[in-house]
Amino acid sequence: MIADSGANEKTLNLIYARKLAALLETEGYEVVLTRTTEDGLYDADASNKKAQDMQRRVAIIEEEDPILTVSIHQNSYAEDSSVKGPQVFYYEQSAEGEKLAAAIQNSLNEELAIERPRTQKGNTTYYILKRSVSTTVIVECGFLTNPEEETKLQEEIYQDRVAQAICDGILEYLQESSI
């Protein structure tokens with residue numbers, strides 16, 4: 001996704017992921033990023049780059065066997081540019097995924113003072129949620145199709161707040177789960 005301003009989702013995702021990783025490492029956790037550059041995890045000549053990218057991410061997750069997985073994204077909704085706010089997804093059949101998603105969603109809603117707070121949302125179709133061996137959530141930090149939110153998503157202070165809120169939600173989940 002590339003926003004009207006030219007903001008690129010893959011660039012923002014990496015910024016948020018690095019900030020979150022640094023916060024979790026400060027707390028003593030080992031963090032593995034599935035990518036450290038803006039390049040996708042697919043071969044240049046792959047017939048379905050997105051599918052190959054997702055398969056390789058799941059393979060990394062399987063190999064690393066983490067206690068949890070957080071996939072960072074930026075949302076979009078072309079039909080209505082007024083839609084905004086962070087949204088956390090989990091695999092519908094995962095009780096632990098729902099707990100992790102709730103902890104992160106609540107933290108984002110509270111720490112960012114979201115005017116119309118969302119609740120975590122179950123999903124059965126997202127590849128990474130279905131195929132990951134660990135407790136996995138997808139965090140949509142905000143909507144690049146909302147002009148106001150798109151601007152905020154590019155501001156370092158806001159990025160720091162979002163990363164901290166995600167981190168706090170993860171730490172709450174880990175504490176409650178005694179992991």
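1. Basis. The model is predicted: local features need pLDDT of at least 70, side-chain atom pairs count only at pLDDT 80 or more, and totals for chains, interfaces and linings use all residues. Residues are numbered from 1 along each chain as its sequence is written, and side-chain values use heavy atoms, with hydrogens and water left out.

2. Helix α6, span. Helices are DSSP runs of H or I with at least four residues, strands are E runs of at least two, and both are numbered from the N terminus. Helix α6 covers residues 156-177, 22 residues in all. From first C-alpha to last it reaches 31 Å, close to the 32 Å expected at 1.5 Å a residue. The expected span is 1.5 Å times one less than the number of residues. Just after α6, serine 178 has a positive phi of about 55°.

3. Buried means under 20% relative accessible area, exposed over 50%, and partly exposed in between, with a 1.4 Å probe and protein chains only. The buried residues of α6 include Val162, Ile166, Ile170, Tyr173 and Leu174. An α-helix has 3.6 residues a turn, so residues three or four places apart point the same way. The cover over the buried residues of α6 includes α1 (9-26), β1 (68-75), α3 (95-111), β4 (135-143) and α5 (147-153). Contact here means heavy atoms within 4.5 Å.

4. Helix α1. This helix has 18 residues. Its reach from first C-alpha to last is 26 Å, close to the 26 Å expected at 1.5 Å a residue. Among its buried residues are Leu12, Tyr16, Ala17, Leu20 and Leu24. The buried residues of α1 pack against β1, β4, α5 and α6. Glycine 28 follows α1, with a positive phi near 95°.

5. Serine 132. Where does serine 132 lie? Its place is the loop between α4 (127-131) and β4. Not counting residues up to four places away in sequence, serine 132 touches Val58 and Ile61.

6. Asparagine 109. This residue sits in helix α3. Leaving aside neighbours within four places in sequence, asparagine 109 contacts Ile114, Pro117 and Arg118.
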